[in-house]
Amino acid sequence: ALLIDNAGNMSDHYEKARKVTELLAYLTERYDPDGLDLYFTTDTKKYRPKGNRQVLQFFDEHHPRGLIDMRARFASILEPYQEQFGKMKGWILSKIIHPRSTPSKGPRRLSLYVLTDGVWDPECTLVTRSRL
């Protein structure tokens with residue numbers, strides 16, 4: 001997955017971020033059959049582009065603007081994974097109690113790459129931790 005910081009302060013770096021996005025989309029397309037999950041900091045949607053052209057199309061539609069709450073954006077991306085891991089704990093416990101039960105798939109792995117200049121809303125501190 002790729003999280004692109006498109007807050008207003010990224011305007012000086014946006015062309016470089018576009019080039020990196022294009023390269024990562026190319027690499028992902030080649031090695032990840034599920035494709036790239038694309039997120040932007042000023043948008044709450046999850047984008048599932050089909051191919052490099054659509055990745056760049058989504059990128060070009062999200063011009064740098066405004067301020068962001070990076071903590072909230074990370075939480076919106078990571079919460080579904082934390083919920084799945086919570087369910088996995090229950091599954092592991094059930095395997096101990098009922099070892100012959102049908103196996104279940106675990107959550108999909110997540111590699112989250114963040115393209116940012118690191119300048120976020122002054123109120124935002126990313127001092128949170130994820131517990132499994």
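## Thr116 and its contacts

Beyond its neighbours within four places in sequence, Thr116 is in contact with Asp5, Met10 and Met70. Thr116 sits in the segment after S3. Its relative accessible area is 32%. Thr116 therefore counts as partly exposed, since that class lies between the buried limit of under 20% and the exposed limit of over 50%.

Ala17 is 99 residues away in sequence, yet the two C-alpha atoms are 8.2 Å apart. The model described here is predicted.

## Overall make-up

The protein chain has 132 residues, of which 29% count as buried. It holds 3 helices and 3 strands. From the N terminus on, the order of elements is β-α-β-α-α-β.

Taking contacts with a separation of 6 or more, 70% come from residues 24 or more positions apart.

## The sheet

Three strands make up an open sheet, ordered S2-S1-S3, with parallel pairing. Its edges are strand S2 (38–40) and strand S3 (113–115), each of which pairs on one side only. On average, neighbouring strands are turned by 20° against each other, direction ignored. In general, strands of a sheet pair through backbone hydrogen bonds, either parallel or antiparallel.

Strand S1 covers residues 2–4. It runs parallel to S3, and 3 bridges join the two.

Helix H1 spans residues 14–31. It lies across S1, S2 and S3. Relative to S1, helix H1 runs at about 170°.

Glu22 belongs to this helix. With a relative accessibility of 38%, Glu22 counts as partly exposed, because the value falls between the 20% and 50% cut-offs. Glu22 and Val55 are 33 residues apart in sequence, but 7.4 Å apart from C-alpha to C-alpha.

## Leu36, between H1 and S2

Leu36 is in the loop between H1 and S2. Its relative accessibility is 9%. Leu36 is therefore buried, as the limit is under 20%.

Which residues is Leu36 in contact with, leaving aside its neighbours within four places in sequence? They are Ala1, Leu2, Ala25, Thr28, Tyr47, Arg48, Pro49 and Val55. Asn52 lies 16 residues from Leu36 along the chain, with 9.5 Å between the C-alpha atoms.

## The largest pocket

Rolling a probe the size of a water molecule over the atoms shows where empty space is left. Here, the largest pocket holds about 300 Å³ of space. It is lined by 16 residues, and those closest to its centre are Ala1, Thr28, Asp32, Ser111 and Tyr113. Ala1 and Thr28 are also among the contacts of Leu36.

Which element gives the most to the lining of the largest pocket? It is H1, with 4 residues. By type, the lining residues divide into 9 nonpolar, 3 polar and 4 charged.

Key. Residues numbered from 1 in each chain as written. Predicted model: local features only at pLDDT ≥ 70, side-chain atom pairs only at ≥ 80, totals over all residues. Heavy atoms only, no water. Pairing = 2+ DSSP bridges. Axes fitted to C-alpha atoms, helices over the stretch in contact; angles between N-to-C directions. Contact = heavy atoms within 4.5 Å. 1 Å grid on protein atoms, 1.4 Å probe; cavity = no way out; pocket = protein on both sides within 12 Å on 5 of 7 lines; lining within 4 Å. Points joined across faces, edges and corners; volume = space filled by probe spheres on them. Nonpolar A, V, L, I, M, F, W, Y, C, P; charged D, E, K, R; others polar. Buried < 20%, exposed > 50% of the residue type's maximum accessible area, 1.4 Å probe, protein only.
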